[in-house]
Structures are given as C-alpha cells and as structure tokens.
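Student: I would like to go through this structure with some questions. Please show it first.

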Number of protein chains: 2
Amino acid sequence: MAGDGVDQRALQYEQTLMYGRYTQELGVYAKEEAARLREGGQRRSVGRSLDLLEYDKGRCAKCRRSGYPWVLEAPARDFISVCTVRCQKFLISRVGEDWIFLILLGLLMALVSWAVDFCIAICLQAQKWMYGGLDSNVFLQYLAWVTYPVVLITFSAGFTQILAPQAVGSGIPEMKTILRGVVLKEYLTFKTFVAKVIGLTCALGSGMPLGKEGPFVHIASLCAALLSRFMSLFGGIYENESRNIEMLAAACAVGVGCCFAAPIGGVLFSIEVTSTFFAVRNYWRGFFAATFSAFIFRVLAVWNRDEETITALFKTRFRLDFPFDLQELPAFAVIGIASGFGGALFVYLNRLIVQFIRKQKAINKFLMKKRLLYPALVTLLVSTLTFPPGFGQFMAGKLTQKEALVTLLDNRTWAKQGIAEDFDYLGHLQAWQHPQVNVFVTLVLFIVMKFWMSALATTIPVPCGAFMPVFVIGAAFGRLVGESMAAWFPDGIHTDGVIYPIVPGGYAVVGAAALSGAVTHTVSTAVIVFELTGQISHILPVMIAVILANAVAQSLQPSLYDSIIRIKKLPYLPELGWGHHEKYNIRVEDIMVRDVRYITLNCCYRDLHNVLLTGNLKTLALVESAESMILLGSIERAQLQALLSQQLGRARRMEYIRENAMAFKKCMSDPESPPPPPPVEDTNSQQRHSTQEVRFQITTEESTLSPTRPIPQKPLKPALKRPSVVDRPPEILTANNDNSGIALKNLFCANPDAEAVEDDGDTEDDMTIREIAEWEEQQLDEQVNFSNCKIDPAPFQLVERTSLHKTHTIFSLLGLDHAYVTSIGRLIGVVSLKELRKAIEGSVTVKGTKVRPPLASFRDSGTSSSENEATELHKLWDRHKSMSLPREHTQSDSDEKSQ
Amino acid sequence: MAGDGVDQRALQYEQTLMYGRYTQELGVYAKEEAARLREGGQRRSVGRSLDLLEYDKGRCAKCRRSGYPWVLEAPARDFISVCTVRCQKFLISRVGEDWIFLILLGLLMALVSWAVDFCIAICLQAQKWMYGGLDSNVFLQYLAWVTYPVVLITFSAGFTQILAPQAVGSGIPEMKTILRGVVLKEYLTFKTFVAKVIGLTCALGSGMPLGKEGPFVHIASLCAALLSRFMSLFGGIYENESRNIEMLAAACAVGVGCCFAAPIGGVLFSIEVTSTFFAVRNYWRGFFAATFSAFIFRVLAVWNRDEETITALFKTRFRLDFPFDLQELPAFAVIGIASGFGGALFVYLNRLIVQFIRKQKAINKFLMKKRLLYPALVTLLVSTLTFPPGFGQFMAGKLTQKEALVTLLDNRTWAKQGIAEDFDYLGHLQAWQHPQVNVFVTLVLFIVMKFWMSALATTIPVPCGAFMPVFVIGAAFGRLVGESMAAWFPDGIHTDGVIYPIVPGGYAVVGAAALSGAVTHTVSTAVIVFELTGQISHILPVMIAVILANAVAQSLQPSLYDSIIRIKKLPYLPELGWGHHEKYNIRVEDIMVRDVRYITLNCCYRDLHNVLLTGNLKTLALVESAESMILLGSIERAQLQALLSQQLGRARRMEYIRENAMAFKKCMSDPESPPPPPPVEDTNSQQRHSTQEVRFQITTEESTLSPTRPIPQKPLKPALKRPSVVDRPPEILTANNDNSGIALKNLFCANPDAEAVEDDGDTEDDMTIREIAEWEEQQLDEQVNFSNCKIDPAPFQLVERTSLHKTHTIFSLLGLDHAYVTSIGRLIGVVSLKELRKAIEGSVTVKGTKVRPPLASFRDSGTSSSENEATELHKLWDRHKSMSLPREHTQSDSDEKSQ
C-alpha cells in the first residue's frame, strides 16, 4: 500500500488529465514540464531542430567544416536557436489542432491493430504447425491442441490480473459509462493499455471464440487518453475536459474502424454503442480518424504483400446483376426474427453464466482463490470439444474464426439437392465437409456448439469481445438457411426464363449482420457487414433482417453491453424503450422527493451538523430562508463538512486557548485566576483527543479543502457518541500522529500564526473533554459564514409538470446527477438519477461509482480557481490516508459510493 | 383578408398540432371529433367492420340469405357492433405505436416518390418526343425544346406562388430550423404539401438542372405532420410535442431514403443536415421508416416491370478484385480537394446571384411585379444553351440528369490515349461524343456550364433542390480526372505483371460524393453514393475525397443549407468551426449583457411600464428585490403587458367609474356634487379614446391573455405621446368598433358584472383625458400583483466562468434562446443567442422569427393548463386583428420579429 504513493499520484494525474477536474494543477504541471524541458532539453532540442531543418543543418555543417569553428559557430548556434524557437512555436501551434491528434491516433491504432493481428496470426499458425507436426500420435496431438490455448489464456488472465484488472472484458460498457461522464478510476492508464494489448493478443492467439472489437474500442480510448497526455506537454488545449470527451468518442470510432477496416460502420457502431446523444459536430472527427486508421491498416497489409491492393477484409464475390429475388425476402425476414431471438438468448445465457458462478458461493470462493483455474477449465473444455480428430470434425473445429467466416461467406453453394457430393474441395471449405455427415448437420452443430462456447468464453477474465464470435455464428446460421433455400429451390425462385441460383453466401451476410445487430442492439452492423465484405448488393435484405432482429431482441433483453453494465453495476440511466407512452404522462411531481435536505443562508452550524448527520446526498440545496425557500444554489457535502470542521477544528480551538492564555497572562497578578495549565503529555494525549471526538475532524480537514473528493462521513458520528471514549491501538495512533503532523504543517504553512501556535508548547491542548464539549456547543450556535464556501450558483432546475420523457432527455443530454424542482424560485423537491431510474424501470436500485456529468464542469468552473492550492494538500492527504487508516477509509469510501 | 378566417384557424390548428402549444385545445378537438364520429359514423363503422372481418361478413351474408332475415339479423348486428368496438379499441391501441406511424409514413412517401418519378419521366419523355418528332425543322425543334420547360417552370412557379409560397426552394434549411425548435408558420400544411409535390414534379419535368432531394425532405416532413394530424383522431399520443419532433426527424430520413432508395445514407444525411445533437434512441425510427420506404419504392419499380429485382438506382459494374491501385490515391485526393474548392464556389455563386438580384433595386422591383418573368427568363437561357443541335451538342445537352449520371458512372473508358475513337456508341454514351470535339472538351464544357446553370437554376422560386445537379457535376468532374488518368496510364499503374486498367467510372463515383459532400458539408454522401451505385469497393477513395472536400469547403464557406438559412434570415446558431481553440478561453462573463432588464417582486406598475418601454427582450427576469437581485424566474413580455393593460384597462376604469357613480348616487341629495355626466357621443368617442391612449390597451387585452403570442409593442407608446390626439380614418374606426364590441363581449362573458357595466349606458366612459391621465398615474403607483401571472420558475442559468464552448453546447442541446448568468442566486447578466452568435462569428446580427426551443415546453408545462381558456379569445383576436388593423398589426408584428 505504502509503495503505491507514486503510482497513486500518477493515476490521479491520469484521472485529472482525462476529466479536467484539476485543470489548474495540470496547467502548473505543464508549466513545470515545459521549464524542465527548456532547461534539460536545450541540447536535445537543438539536435531536433537540426533534424527538422535539413537546410540549416547543411549550412551549419558547412560552417563547421570551414576551419573557423569558433568564429562561425556562435552565430550559427544563435541562428539554430532562433530556428528552434520558431519551429517549436510552430509545432506547438499546430500540435493543438484536432486533425494532428486524430491522424496520430489513427496511425497509432492502425499500427496496433496490425501488430495485434500479425501476432495473433503467428500464434494461430504456431498452433496449427504443432498440431500438424504431431500427426503421428493423436494423444500428443490432443495435448498440443489443448495445452497451447490453455497456456495462452492462463497467461493472458494472469498477466491482466496482475498488471491491470481493469483491462478484463470488452471495454465498451466502461467506455459507455465514461462517455456518459462517469469517472472510472484507472480505466485509461498506460498499465491498462499494456495489459489490454498483450492480454488480447494472447487471448485471441489461443483460438478461442473471442473477438477483438470491444477491446479495440477500449484500446483506442486508451491510446487517445495517453496521446492526449503526451500532447499536453506541448499545447494547453489538451487540458480541456469537453475536448477530451469528444476525442474519446472519436477514439471509439477509430477502435471499431481499424479493427474491421470499416470506417463508416465503425463510426456508426461506436455512436450507437457508446452515446445517448451525439453531437453532429463531432461526426467528422470520427470519420476522419477512422478513415485514416482503416486506410493505414489496409495499406500495411498491402506493404506486407498480403494483398495486392486495398480491398475489404472478407471480400465476397456475389453476382451484381441479380443479387437476390424479391421472393427470397421472407427467408431473410425469418433470419432476422430468428436472429433476434438468438441474440436475446445469447445475452441471457451470458448473464446466466456470470450470475450462476457468482451465486454458487462455494464455486465462487474456490475460483476467487484460484483465479486462473476458471479460464483454464473453460479453455480446456472448449478446446477439447473443438479438437479436429474428435468432436471438432463435426463442427469444422480446425478452422480459425477468420477462416470460418471466409468459408461461410463463400459464393458457391455447398449443398445441391441436400447432398454435399459435388462439393468443391478447395482450401478450407473441406473442413465443413464430413464424409459421413451432411453439411447441414455440421452447420447446426457448429451453430449450437459455438453459441454456448462463445457465451461461456466471453465470461473468462481476459480482454475479449463477443462481437466477432456472434458475427460468425450469425453467418453460419444465415448459411444454414441459405443452403436450405438452395436445396429447396435448386434452380432459384425466379420464373422468367433465366436461372438465377440462390446465393447462400448472401444469406450468411444477412445472418451475420442480424445476429450481431441483435446482440449489440445496433443497426450499424449492416454497414459493418458491407464494409467487411466489400459488397452492398444485399442492402435491403440486410437492413430488413437487422431491423427485425433489433425489434425482437430489444423487446426481450438489454443489449450485451447494457447487460454487462448491469452485471458490473456501473452507473447508468436506462433507455426509454419502444413505445412507452406513459413516459409522456408521468410528471416530475409524481416522482420527485419532496423532503429535500436544505440549508438556509442564515443557519447556524448546528443546523449544518444535523443536516449532514441525517441525509446522505452528495449535494445540498442552499435556500434563502426556511420561509421563502428561494433556491440560491447547491453546495457539495464536502464543502459543508469542511465548514463544520473548520468551525470545530483544532486550529480554532487552539486559537481560543491561546486567547484564553493571553487573557490569563494579562490577569496573572490576579490571585483568583486558575494556575497555569500543566504541560500536556505531549502528542499522545493530543492524538487521543483528535481521534476520539469531533476533533478527529482535523485529520479530515485537509481533504475537505478539495471539493471533488468527498470526505468519509463516518468521522462525524463520534461527535454524537461523545461519552464512549475508546482508545485506538497504538500503532494507528503513531501513524496518525506522524502524518497529521505533516498534514498540519502543510495545512498551516500559509498561516504563520497558526504554525506559531503549533510550535508554542505551553498553549497546547489542555481542555478537558467537558470543556471541549462546552466549547463545541458554543461554536455550533454561531451562524455559518458561507463566504469561503464554493457554491454552485446554477443547479439544474425543473418544474413540477415536466414530463418523465423530458426529464430523461435532459438528464441524458446534460448528464445530470440530480435536479431541483422549483416553483417560482421556491424549492419544492429534488429528482435524482435514482428516482428517474425507478420511475422508468420499477424499483431497481443500482449501486455504482460516482456519477460525473460530462457538462457538469460548467458548473464547477466558477470554483476551479482555488483548486490548485488545495491539490497539494489533497495529495498529501491521499498518501496519509492510504498509509494510516486504510480500513476505515475504504469502508467509508464505499459507503460514499453506495449512496 | 376577411376570408382568411377559417384558413387562419386551420393554420393555427396545424401549428398547434405540430408544436404542441395548445395541446389542450387539441385534446378538446380530438374529443369532439371522436364524438362526431361516434354519432355520424355508426353505420359507416359497421360497414367498415364488415370489410375488416371477412369471417363475420360471410356469416352475416349467410344469415341474410337464410330466409329469416329479421330473427337472425339482430344478434348478428349485436355481434358485429361488439366486434366493431373491440376492433376499434384494438386499432386505437395499436395506432399509437410508433412503428405503425413509421410504416404508414414510409409507404406514403414511397408512393409519392414513385409517383413523382413516374410523372417526371413522362414529362421528360414528352419533351423528347416533341423534340424528336419535329426534327424536320430546327426552328420548330428549338421552339418546342425551349417552350416546354418555360411553360412547366412558369406554371410551377405560379402555382407555388399562389397556393403556398412556403413550398419554394429546398426545404432542408427550414426543416433544420424547425427541428431546432423554431415555429415556422404554414410550413407544414396540406396546401404546402400539394404545392410542393405538384410544383416539384413540374419543375423537374422541365429538365432543368434541379434536384428532388431537398424537397423530398420537406415533403416527407409534411407527410409526417399531416399523418400525425390524421392519426391524432384515433389516439392521444400524437399530441405530444417532443414526439412530433422525433417523428419529423425520422421523416427527414425517409425523405432522403425514398428519394435515392438509400436508407442508410438517408438517415445519416438527414442527421448531418438537420440536427445539431442527435438522440441515438431516435436512430432506429429513421432506419426503420427509411428502409421500409426504400423497399417499397424499389418494389414498385419491380412490379412496374422496370427492373427484374431490387437493385441500386444507378447500378455500377466495376470489377471487384482490383477496384483501384494504391498509387491512384493521390488522384482521388486531388478530386477531393478540388471538389472542396468547387463546392465552396458553388455556395458562393448561389448566394451571389440571390444577393445581386436583391441589391439591384430596379431589377428587384421589376421582378417583384412580374414574378413569373424571372423563372421564365432563366429557363429560357438554360434551355437555349442546352439545345442539342446548338451549343448543347458540346455538353451532352440532350441527356436528362439521370441519363447523364448513368453514362458518367459507366465502367468503360471513354478515351484511350486521349482520343475518343474506339468509343462504344451504345445508348446514351454517344451524347458525350462529338465528331469534332474531344471527350475532354465535352466534359469540361459540361462541368463549367452545368455549374453556373445549377447555381442559377436553384435560385428560381420553384420547389427544387441542388443536391442532384451538384452530384452530376461532381460525377462529371470525377470522370474528367478518371479519363485523364486513363489516358495518362493506358495500361494502369500496377506494375506486377497483370494489367489492371484504370476505371474512370470509379473516379466519377468519388467526384460525385466529394462535390455533393462539399456543397452540403456532409460525410454521408459517401454512403449515399454506395447505396446509389450498389458498390462499396471504392470506399477508401470516396471517404478520403469526401473528408478532404469537407475540410476545404468548411473552411471557406458555410454549407448550402446554412447559406440559404442566412439568406432567408432564419434564426440559427452558427456552428463552432474546426479547431477554434479560443472557444475554450472565452467565458460567459466576456460576452454577457450586464445591464439586465429585470422586475422586482415588489415593484409597482410604473416600473413595469418603464421596463417595457425601454427594453425589447421577449422575457424579463423577475428578481426578489433590487438589492438582493435573487433570480426568481422569468416572465414573458406579453404577460407583463397583460398585467399592465389589466391594471390600466377599460374594465378597471369602468369599475372605478361605477364605484364613483355609486358614491355619486349615494350623495345625490348633496347639492355640491357635480351634475350627472352628459351622455357620451356613444361608441365613437369611446373608440377614439381607446385608440389614442393607454386605453388602447383594451383592444390588445384579449391577445395578451394567450401567453404565446406577444402583443404588438407599438400601442404602448401612445401612452407617452398623450397630447397628440389624432383621429383615425372612419372606416378603421367603424371596423374597430364592430370588432372590439365582439371582442369585449367575448372577453367579459365570463364576468357578468363587467357586462352589466357595458350595458349600463349611463356609467359609460365619461372621464376626460385629464381625469384618465390622473387615474392612470394613480393606478401606475400601485404594487404589481403577480399572482395571476405565468412565471417561468426555472429559466436556464449559467455562471460567469462557463466557457463559450460549453455555452454553445448547452444552447444547441437545449435549444435555448437566452440564459441568465447568476452568481449564488444573484442575477448578474444575461446571454442570448445574439451575443453568442456575435461571439462566435463577429458582429453578424440576423433578424429572424421567434425562436422556440424544442425542449422549452418543459418550462411552459406549468402554464399550459389555462391555455385552452385563452385560445378561444385568441382566435377571435386573430380574426379581429386581421380584419380591422392589418397595417398596424403587420408592422408591429414585424417589429416583434426583428428583436
């Protein structure tokens, strides 16, 4: 824990970078960095400028060679430094442009995507080579076939677990919540990036039915975050929060785009999957970056001599003049509807597996201990079943996912008249052919086995997605229908003389789009499928099937990503479903909480104390007075706690004591006055006091100065339980002592008076508990001074008659957490996400992390100026807490979260 | 004007239907309609149910035939009526579902699109037939060639002008403003629909370079609005405003989708062109309706035996295996950049023509008088130049737009080695071939001529779009580059043995997408192009070219639609451009207006009066007091005017007089009291009073009861110019008299006391001007009673440090008109669209119609309950105004608009 200090700091920096909370701090950091660069990097920058300005270099080189090195070199160096400055300025001015960032992002992601694909291909080849080389002994072959993926998956799971557990899974659900404005810790760090890339490569290299789309969305976002962090060293524009959110949205598009070389589909898919409201002005960003990325991705393939020119990833060669007959449309519609049910079933199955494992506590406990056992077992099961000489022969087990897809999209008909005799045994196609078994049986087995295998495999804690497996299953299902149609109508359906045989490959395309659309609840899989196959001739069947599949799936189950969001209990706002008409009739007054916790402008500290003790909302309304109830703004809970602890804190009491002492000194001559207080038993007793009662607040005081991190609420409670004085274990006391000393020094360094008090031994804390209680009572009756308090002067307001539909729209548009309901300035209620969620879907309550609206910072902007002062203290406090009171901190922190 | 009463009412109804302002009235109307249907349509509904329930019909028919007609028919009728009721209920419950609406909309639009296409084809064929039949005499040929389009265009212009001038032009700019929440009168009426459809058919049938895309967006929106109005007879869901906005958004997608049979491109294009922020939950609506529409549209073609099966509209047959070489990409990039410049030039040229005609007052005046002359002249010019035996032979003049596009997308190479000798003279291709002139010259001439022709033709006041002409020009430009490349590299660029000749058709596709993308500032033209051609193989070149074209065009000119919005002075909020970094640094405090007009809770009527006289904002802030400045809400100007006129109005004065009279009667015996007032000169003097001074307010009083229609401000001014008493012409007085009588009766029918006063002749207005002035002064000193005033309790608030970027986002997200800037509840400034616009683009001020935010109704919702009472009066007032004071009303109305 103690070693995490630097890491913590880095993470925090990361976090601030992404969400612009501490932009001030960032500014300071950037300046420092710039200064450091200026100092240390002078020589380096000269060198760089030489590289950049070939012309100057030539001139300088000439000068140097001219025999008068000293005479000429000085002006040359001057010239160079001028050039450097100019060049730097130019670079800095350019580096802030969006398109530079997007090009870099696209380039980076294309390289990553290509490299990952390359490694995966090598891994898969290695497996094939091992399997092929051991064909003398079936047992050895089996061992090789099974061990290889088990090792890879186990490594992937272990590596991810150790380096960054956040890298597990798809990443799309997390990106969805992040783009909604929620701060997910450590989701966008370099560690996570490394873990995700390596983990994904190993996981996919194992040949398990896993996909790379979801992880690539995450990887692209990581890239964008890291790039943004890197670029912020040059320009200031990278510190802006809204810009970063826009860039993350573009990054999601790049992720999908470079994964499938599908720029348009990538942009649309990422929008559908991650956004609720989409700003059309960000559209071009996604298109630009995704196109560039897809272009580079494909160009790499051409340069690598894999391809002759840039074409689609899974190119099809269906005939263009008569792609399908109008009378085939019912079959396509059937594919769509069946895919809808299938998609819902997949999501349900996936959730069922996760919940089953979670509920079975014995299994859960065992698996928690042996974390790598579950991946290994699942991999063992799946790879055993796909072992080609075994059961795998009936389900084309030896094909990789890519090979399977290529064969499924083939434009030849596998089965004529129901018999697979005239099968063209070319390439991988023969894998589908079994001497004894019909092609239809192979296909059915493939679909059924892959279906549950994929649902199971995606629960393994490795970086993996489910899109590609589902896509392949959909293609297989489409192929099955297509082959059946081809068998049913061997000469095609068309009746006007010319024979147009049915193209089962077209059915496969339709099935792939429909099933993946049903699982992800998106329409843009249609576009992805066109871009993947390079043919758009089946547009109408695909669109019809995708829409039908979506209609069915959306009415049965949430999307896979929403399902994962619910499983992971990430904060979310459910969508208003299809045709929920009542949403127009429910009004805010029906769902709002009328008993609003508020504080008045002229309240005393006791009221503040009571309000903080009874409620647990993150922000409190500030009204003018209890009678008028005019809403003036809202104050964060932490701010109030800071106020309260300042009032009751040690510093104030010390001052009080000092004043008393002064008074005592003045009337020293007076014999009736009490004797000077005895010297205290040093820090230990002082510490005991501060851990017992309200004085404990002093340790939380530093943290409360930073408004964004709410302090634990527990410490307030001791103020009520005054009589029960329990001694802490000494080691905690010592630790506390140590750190509170540092913390105090830091806190008061701006206040020399207070420090003087601190050093002044004889005015030390000499009050008895009774005296302190009295003093506190007295303090609590004073009126609150809000002048130093950060008040959000414009919290979002609704009126009673706002409909649920509009409330939902506004909450999702602005990413609100709560809104006050007012009537002519009078506060009459409050609606939070919780009420809204309840109103939409019943009484499901979801615990989650703190929701931060993407646009919320416009409300903070008024308060951000003083944040940089608080940050240093904040960091210290962080370290302090993690070292001294980890247990209590964690507990109260989780309490805070569960509100 | 007088005859417009019913029409006005219908329009008003229309308007309320679309924007949900008077949902209450609509509900009443729906109920009345339902009652009417129940009463009158009993027999009809039985008949309908018979049609619906074939089974029952059969049974009944049997019964009837069975010889016991009376015995059996009674229960049968009962059964039928039960069925009818059940059926009706089912239908009503279903009819509210979105998908029913969307299917109907799609179906309708497909039929409209197909019918329009069919008629256009017939028109064009007729022209060709005439031209072909007269080939004996060139002069007759020329006459026929020229007269035909002139007649059609003139008819189209005249018809549109007479029936609905709103139908002129594209419609996309208007839909953009409507979707932003602005109420544009009469834009979505049945009249406009008829005018647009017929006008468009004639305009396109003339063969002028005009498009149908923009108008189809408008037609689809009209369809949606009318369908919504029709469906609201069955279900209540169609009354909701936000739903209607969502449906309009879907309709825009349908419009593009069924025009090009491009569902995906249609959805994306409509989003890019009409929305600023797009709700992803509306995505499926667009896809669903557009797909269905495109499907039906293409199925109609199959049923009509035009096509064998469903394929793309402009099918291409490029080779699939090697669509383009990597080394051709620079050429594609060149197309993109050149198209960017071309697109910007087109927009500029179009605006220049409009502005030139507007500025030249002589031309303008002349054209205003002879409205049909301009279209006729332009058509004459264009058709003369395209006359095939004349100049048209050098620019493929005899091809229609569609034919030109088909030939341009052809996959054969026209020019080998620069000479067009081995040209395949098939079909329309020979039009490009001229015996003396090179293909390149033809193409260049085509591009140059069509370019200015299209820019000119789109300024004709007929329903027309510019997308298709631009698309064709782009294709021609692409073809030109492609042919040049083919001539330059006759054997293709590829060096690895196999010869892949260059496909100029691919360049045409790229050029079409790039130029149309540049003109409209959209990326989705890429998708449209794929759907139109049915091939996606050129995806990367198209995407690269479109993005480059957009980058260039967006930095030079606004999009064509934004340009039209500016020309038409529609209210808008400019987009934040590419990489405007300063937008992050400008804060609200820099742009806000600090001198906010406000009223206090305890102000007197005089303050109200002064505020209304000095400012001209549509809403005024209500603060607690001038010292505290705590913002309580905002009040619409009209509300305040209503308050003021109530206070100073005739009704109150009458009461005052009556009270005086009572007092007078009481002290009748007292001889010192003044003699009873002489009988007034009846209504005439009363009328003069009411037209002169503040008492004039009485005539505006009814209108001010309806909060949504701000009353003219002019009438307030006479209160200042009290001494200048000018007599109105008698006819206006009489008219005023008549109507104010009606209006007053209606106004006071709820108040029998007041009516009694009205009838009571001897308490008539007998005060002198001096007395009235005194009385008014007295009244103005009273404190305002806000209890009956509709206050918006939650106006949107910002803080000083909100950045321009965020302000823009919030304004466009919520469609705000203005926002108050507060600091801890204290009002310190106001930002309106105007300031924001200025801050973004300098000091351009645009006058426009009233901006109504799409989500604004959540603020009105608290005030909607009393609207239905106001509406009747409102209507009367409307009629009254249109009959009596057309001049003044118009003037003040336009004043109001120009705020």
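Student: How many salt bridges are there between chain A and chain B?
Tutor: This is a predicted model. A salt bridge needs a side-chain nitrogen of Lys or Arg within 4 Å of a carboxyl oxygen of Asp or Glu. Between chain A and chain B the count is zero.

Student: Which helix of chain A gives the most to the side that touches chain B, and with how many residues?
Tutor: On the side of chain A that touches chain B, the greatest contribution comes from helix 13, residues 283–303. Helix 13 of chain A gives nine residues.

Student: How do the residues on that side of chain A divide into nonpolar, polar and charged?
Tutor: In total, 100 residues of chain A are in contact with 100 residues of chain B. The side of chain A that touches chain B divides into 20 charged, 28 polar and 52 nonpolar residues.

Student: What area do chain A and chain B bury between them?
Tutor: The size of an interface is often given as the accessible area lost when the parts come together. Of the area buried between chain A and chain B, 71% is on carbon and sulfur atoms. The area is about 8,900 Å².

Student: Which residue of chain B is the bridge partner of A:Phe277?
Tutor: Strand 1 of chain A, residues 277–279, pairs with strand 1 of chain B, also residues 277–279. The pairing is antiparallel and has three bridges. In strand 1 of chain B, the partner of A:Phe277 is B:Ala279.

Student: Why does the pair of A:Phe332 and A:Tyr507 count as stacked?
Tutor: A pair of aromatic rings is described by the distance of the centres and the angle of the planes. For A:Phe332 and A:Tyr507, the ring centres are 4.5 Å apart. The planes count as stacked when they are under 30 degrees apart. The planes of A:Phe332 and A:Tyr507 are at 25°, so the pair is stacked.

Student: How many residues apart are A:Phe332 and A:Tyr507?
Tutor: A:Phe332 is in helix 14 of chain A, residues 329–359, and A:Tyr507 is in helix 20 of chain A, residues 504–520. The pair links distant parts of the chain, 175 residues apart.

Student: In strand 8 of chain A, which residue is the bridge partner of A:Thr822?
Tutor: Three strands of chain A form an open sheet of mixed pairing in the order 6-7-8. Strand 7 and strand 8 of chain A run antiparallel and are joined by six bridges. The partner of A:Thr822 in strand 8 is A:Leu827.

Methods:
Residues numbered from 1 in each chain as written. Chains lettered and ligands numbered in written order. Predicted model: local features only at pLDDT ≥ 70, side-chain atom pairs only at ≥ 80, totals over all residues. Heavy atoms only, no water. Contact = heavy atoms within 4.5 Å. Buried area = accessible area lost by both parts, 1.4 Å probe. Helix = DSSP H or I, 4+ residues; strand = E, 2+ residues; numbered from the N terminus. Nonpolar A, V, L, I, M, F, W, Y, C, P; charged D, E, K, R; others polar. Pairing = 2+ DSSP bridges. Phe/Tyr/Trp six-rings, centres within 6.5 Å; stacked < 30°, edge-to-face > 60°.
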